[in-house]
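Reader: Please show the sequence and the structure, and then let us discuss selected residues in turn.

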Amino acid sequence: MSIVIYHNPECGTSRNVLMIIEAADYKPTVIEYLKTPPTVAELDAVSAALDAAGAPKEMMIWAMIETPTAILDARAICAHPRVAVLVMGTNDLAKELRAAQVPGRAPLFPHLATALLAAREAGKPVLDGVYNDIKNAEGFTAECRQGADMGFDGKTLIHPDQVTI
């Protein structure tokens, strides 16, 4: 069996998944997606692999937008027929841009807007990225309002306490 993992070595979940695969004596192809983000051609390949495996047409791709390349390719990604939703990866995007993560997200604003434009052009939903300070309900609420004001369809969460806000 051939296994390909799109891996972020700084992500604990990604490291754990890789460890489990290797512990099962598989030798996966590891692609550090922040260094080598998937291309639209690879998106086509994933879609074709889903079809070949008999996946129902309703099984769609939620595309993470978390690199400069993904921002610049957002229009093509959104145009792909198997992509259902864009999900903003704001932490990785900020890191890749070497941008500060500050209240109000001014350094990320134009990049978030670019992804929003692409999603709206394609008629697809787009989810805002996570808010890291799980103990700051006021800051989280403000960022949720900002995302809604910008036009995001929802927000991804990293902690159960954020669900009720």
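Reader: Is C144 buried, partly exposed or exposed?
Author: The model is predicted, with local features requiring pLDDT of at least 70 and side-chain atom pairs pLDDT 80 or more, while totals for chains, interfaces and linings use all residues. Residues are numbered from 1 along each chain as its sequence is written, and side-chain values use heavy atoms, without hydrogens and water. Buried means under 20% relative accessible area, exposed over 50%, and partly exposed in between (1.4 Å probe, protein chains only). C144 has 25% relative accessibility, so C144 is partly exposed.

Reader: How many disulfides does the rule count?
Author: A disulfide is taken as a pair of cysteine sulfur atoms within 2.5 Å. By this rule, the number of disulfides is zero.

Reader: Which elements do the buried residues of α7 pack against?
Author: Helices (H or I, at least four residues) and strands (E, at least two) are DSSP runs numbered from the N terminus. The buried residues of α7 are G139, F140, E143, Q146, G147 and M150. They cover an arc of only 125° around the axis (from the directions from the helix axis to the C-beta atoms), and therefore lie on the same side of α7. With contact meaning heavy atoms within 4.5 Å, these residues pack against α6 (109-122), β5 (126-128) and β6 (154-155).

Reader: Which residues are exposed on the other side of α7?
Author: The buried side of α7 includes F140, at 2% relative accessibility. On the other side of α7, the exposed residues are E138, R145 and D149.
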